[in-house]
Amino acid sequence: MLYAEALTLRQGGRMVSRDLSLAFPRGAITALVGPNGAGKTTLLRALHGEHPLAAGRIALDGEALNPTTRRRWQARIGYMPQESRAAAGLTVLEAVLLGRAGTLAFRLPEAALREAAALLEEFGLLDLAGRDLTTLSGGQRQMVFFAQCLARRPEVLLLDEPVSALDLRHQQTLMRALRRLTEARRLISVVVLHDLNLAARYADRIGVLAEGSLRVLGPPAEALSAPLLSAIYGVGVRVLWGEDGHPMVQALV
Amino acid sequence: MSAAITAAVAAHRARERRRLAMLAATAAVLAVSLVLDLATGPALLPLREVVLALSGQPGADETVSVILWSLRLPMALMALVVGVALGVSGATMQTLLDNPLASPYTLGLAAAAGFGASLAIQYGGWGLPPVLAVPGAAFLATCLACAVILGVGRLRGMAANTVVLAGIALLFLFHALQSLMQFRASPEVGQQIVFWLLGSLAKADWHNLAITAAVTAIALPLLMRHCWALTTLRLGEARARALGVPVAALRLGAVALISLMTATAIAFVGTIGFVGLVAPHLARLCIGEDQRFLLPLSGLMGALMLSSASVLSKVIIPGALVPVGVVTAVIGVPFFLWLILARRLPG
């Protein structure tokens with residue numbers, strides 16, 4: 001279990017989150033949604049141990065995050081930031097390998113290479129293994145960075161808008177893989193999403209953030225309520241029920 | 001395990017072998033350049049004599065042996081060592097600061113060395129002989145510049161832009177101070193300062209070669225330890241942090257190491273521009289971003305540039321030694337423009 005207790009986060013003197021308390025269980029996907037500037041990315045960075053805590057405490061299975069545990073902490077986490085820049089001169093396979101940069105020896109072990117290639121195969125990207133990272137589309141690159149995250153063999157996945165550049169098919173591919181891996185490896189998965197319907201379809205729980213505070217955290221059917229969403233997004237919202245039992249959110253324009 | 005995975009792994013290994021072959025080929029060209037460098041000079045020595053004298057076999061011409069061992073070999077080897085130091089420093093700086101224009105020269109380290117040296121040339125060496133005082137002052141000034149850059153950088157969490165801007169500010173400051181020294185100097189002293197600033201391998205002897213080689217030999221493995229972290233940094237600072245690379249600590253440690261290496265090299269040969277900037281770009285074009293190969297190749301390319309510039313510096317004007325710093329810049333500038341026009345610069 002990953003815990004955040006009474007978290008206060010500041011960014012350049014501005015209060016981003018105040019008194020935030022959340023728990024993220026193993027084997028479940030928690031989606032964080034909310035308008036731009038709600039503090040979702042800052043929360044993820046804090047959970048990764050990158051953003052200093054103005055107040056509060058973060059712990060994973062009883063071990064608290066602090067400067068002395070930070071290195072070990074980060075080794076347990078696969079964090080995928082929004083940045084999707086790529087340098088020319090690195091192949092797709094090399095990029096995936098870099099997920100394990102902290103543990104690689106000077107001479108690459110055969111097993112690490114095979115594992116990286118297997119991850120690419122899992123996402124149907126093995127054909128691109130030798131291609132320069134810069135020649136890929138934004139969406140393909142996002143899939144490669146997801147594979148890179150998994151190459152770290154994480155216990156916790158923190159994904160910041162992992163599907164923002166993906167087409168419809170690849171959105172489903174990534175989210176289905178996330179669903180499968182979260183269950184199979186008992187991962188603690190936290191995903192920032194803008195697409196509420198994707199969150200409703202794949203997440204076990206949705207946390208709605210607005211202006212730095214947590215408005216609701218619960219199963220999709222509970223968290224996605226029309227009055228709350230209308231209030232925080234400032235547009236009329238209708239919640240419908242899909243045939244598969246998942247709520248569907250529609251903006252009324 | 002599927003055949004496709006095996007094929008992808010094999011393709012990667014083949015790429016690694018190609019990069020090793022590239023390193024070997026560059027080393028071979030470098031060896032040729034070294035022999036040419038030894039053979040050229042006021043007295044053009046036959047290549048056969050050079051090889052014979054180097055191998056220490058009986059029957060070698062004694063004059064040739066003396067010219068080689070006491071004059072040309074230290075200079076030629078100094079070109080290699082300084083080239084390696086500048087090439088590796090440039091490559092690491094460009095990666096660390098995420099800036100294709102970063103090099104020991106553009107960040108003011110060379111200008112600081114120039115100021116230190118002109119100070120010692122102008123005002124004497126506080127009781128020390130000039131042969132110690134000038135490189136000593138150049139070294140200290142470079143370390144001072146590095147300390148200022150790192151100090152300012154640390155105030156802003158070692159943000160790349162802050163470090164680059166601090167370096168460029170120092171470049172202008174030390175250039176101005178250098179000009180002031182030249183302005184105030186008598187014509188003879190002024191000429192000495194200009195000669196130092198141009199950079200020349202003629203100042204090399206076995207002693208300062210040994211010091212430069214020792215510092216480079218210690219710094220290189222320490223930098224190579226970070227090769228995976230540096231490669232990760234090519235994916236951007238945010239992703240490197242996400243993958244657990246301690247970016248600020250890496251910048252602090254590596255810039256200090258590079259500065260030490262550059263300061264030592266520049267202190268003995270003067271300011272040699274463009275090697276630290278261009279050699280890494282050349283290496284990157286040939287070999288990609290895997291720093292396990294890029295750092296060594298940047299070093300070899302730097303050595304090759306400086307060694308071939310040393311050959312050219314002796315043959316361009318027959319009977320005269322053009323300062324090698326001039327040659328590297330004259331070759332370096334058109335080459336750099338070509339790189340920019342070819343749009344091959346990363347970033």
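Me: Let's start with S3(A): how many of its residues are buried?
Reply: In strand S3 of chain A (residues 28-33), 5 of the 6 residues are buried, so the strand is mostly covered. A residue is buried if 20 or more other C-beta atoms lie within 10 Å of its own, exposed if 12 or fewer, and partly exposed in between, with C-beta atoms placed from the backbone. Helices (H or I, at least four residues) and strands (E, at least two) are DSSP runs, numbered from the N terminus.

Me: Before I go on, what kind of model is this, and how is the numbering done?
Reply: This is a predicted model: local features need pLDDT of at least 70, side-chain atom pairs count only at pLDDT 80 or more, and totals for chains, interfaces and linings use all residues. Residues are numbered from 1 along each chain as its sequence is written, while chains are lettered from A and ligands numbered from 1 in the order in which they are written.

Me: Thanks! Which way does S8(A) run relative to S3(A), parallel or antiparallel?
Reply: Parallel: 5 bridges join S3(A) to S8(A), residues 188-192. A:Ala28 has A:Ile188 as its bridge partner in S8(A), and A:Ala31 has A:Val191. Two strands count as paired if DSSP finds at least two bridges between them.

Me: And how many bridges with S9(A)?
Reply: There are 4 bridges between S3(A) and S9(A) (residues 205-210), again in the parallel sense. One of the partners to look at is A:Arg205 in S9(A), which is bridged to A:Thr30.

Me: What's the strand order in the sheet?
Reply: It's an open sheet of 6 strands in chain A, ordered S6-S7-S8-S3-S9-S10, with mixed pairing. S6 and S10 (213-218) of chain A are the edge strands, each pairing on one side only. On average, neighbouring strands are turned by 15 degrees against each other, direction ignored.

Me: Which strands does H1(A) touch?
Reply: H1(A), residues 40-47, packs on the sheet and touches S3, S7, S8 and S9 of chain A. Its direction makes about 150 degrees with that of S8(A). Helix H6 of chain A (residues 168-184) also packs on the sheet, touching S3 and S8 of chain A, and its direction makes about 135 degrees with that of S3(A). Axes here are lines fitted to C-alpha atoms, for helices over the stretch in contact, and angles run from 0 to 180 degrees between N-to-C directions. Contact between two residues means that their C-beta atoms, placed from the backbone, lie within 7 Å.

Me: Why call H1(A) largely enclosed?
Reply: Because 6 of its 8 residues are buried, H1(A) is largely enclosed by the rest of the structure. The buried ones are A:Lys40, A:Leu43, A:Leu44, A:Arg45, A:Ala46 and A:Leu47. Just after H1(A), A:Gly49 takes a positive phi of about 85 degrees.

Me: Last one: at what angle do H1(B) and H2(B) pack?
Reply: H1 (residues 3-39) and H2 (residues 47-55) of chain B pack at about 105 degrees, with their axes 9 Å apart. That makes H1(B) roughly perpendicular to H2(B) (angles under 35 degrees count as roughly parallel, over 145 as roughly antiparallel, 65 to 115 as roughly perpendicular and the rest as oblique). B:Val35, B:Leu38 and B:Ala39 of H1(B) make the contact with B:Leu47, B:Val50 and B:Val51 of H2(B).
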